[in-house]
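Please look at the model first.

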Amino acid sequence: MALLEVKDLEVSYGVIKALKGISFEVNEGEIVTLIGANGAGKTTTMQSIIGLIPKKSGSVLYDGEDITKTPCHKIVHLGMSQVPEGRRIFQELTVYENLLMGAYSKKKDDTFKEDLEKVYKRFPRLAERSTQIAGTLSGGEQQMLAMGRALMSRPKLLMLDEPSMGLSPLLVDEVFDIIKDINKDGTTILLVEQNAGKSLAISDRAYVLETGSIVLSGTGAELAASEEVKKAYLGV
């Protein structure tokens with residue numbers, strides 16, 4: 001069953017068409033990846049889905065509900081959360097305060113403590129640094145904080161925009177392992193990544209974006225084996 005359905009989505013920046021009528025879906029329980037070069041429209045797709053930028057035309061359905069014109073803060077309440085490109089943590093707040101902000105859409109009740117414990121168990125370094133100012137964390141720790149903050153809202157669908165950007169190869173492996181574990185625990189994943197090899201390896205399905213259009217789609221394994229994808233994105 002499709003948890004997210006994007007139909008004929010168009011987004012423009014002035015006279016420039018950033019998205020040219022793209023359509024795709026993310027089924028419940030899947031990891032789905034959008035790959036493509038810089039400027040292909042990957043981040044625009046994610047931001048338009050969650051309501052951060054306006055859509056020129058097309059529709060977005062989430063869990064059977066039309067959210068095309070739903071504002072961002074209400075979409076979060078419906079069970080969708082995003083880890084933005086560049087992490088975008090609250091630099092001057094502590095680790096704990098950042099996680100608290102991630103739970104703003106819920107009442108601070110018994111589930112907050114439970115969710116906090118889950119995040120600390122998944123990211124032990126955040127527990128060790130709970131009182132540390134977030135801006136003083138390493139890049140990898142900040143990425144973990146951004147992911148932990150998003151998980152505090154208990155999303156059905158977690159959208160991650162370039163989670164491996166700027167990280168060392170060792171930390172990249174760790175981040176992708178964490179994404180797989182989050183998915184195994186029942187969270188559906190929509191992933192935007194330039195690291196095509198890593199992302200396709202963990203994906204159920206994937207789509208290739210080029211200049212605002214979807215040009216290829218298939219299972220992660222199919223696209224990883226595609227000569228076109230190998231040449232353009234895998235350096236093979």
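About 30 Å³ of space lies in the largest cavity. A cavity here is a set of points, on a 1 Å grid over the protein atoms alone, where a 1.4 Å probe fits but cannot get out; its volume is the space filled by probe spheres set on the points, joined across faces, edges and corners. The count comes to one cavity of 30 Å³ or more.

This is a predicted model, in which local features need pLDDT of at least 70 and side-chain atom pairs pLDDT 80 or more, while totals for chains, interfaces and linings use all residues. Residues are numbered from 1 along each chain as its sequence is written, and side-chain values use heavy atoms, without hydrogens and water.

Lining residues, those with an atom within 4 Å of a point, are Val208, Glu210, Val215, Leu216, Glu228, Val229, Ala232 and Tyr233. Six are nonpolar (Ala, Val, Leu, Ile, Met, Phe, Trp, Tyr, Cys or Pro), none polar (Gly and the others not listed) and two charged (Asp, Glu, Lys or Arg). Helix H10 gives the most, four residues.

| Element | Residues |
|---|---|
| Strand S10 | residues 213-219 |

Helices (H or I, at least four residues) and strands (E, at least two) are DSSP runs, numbered from the N terminus.

Six strands form an open, mixed sheet in the order S6-S7-S8-S3-S9-S10, pairing meaning at least two DSSP bridges between two strands. Its edge strands are S6 (80-83) and S10.

Conventions. On a 1 Å grid over the protein atoms alone, a cavity is a set of points where a 1.4 Å probe fits but cannot get out, and a pocket is an open set with protein on both sides within 12 Å along at least five of seven lines; lining residues have an atom within 4 Å of a point.
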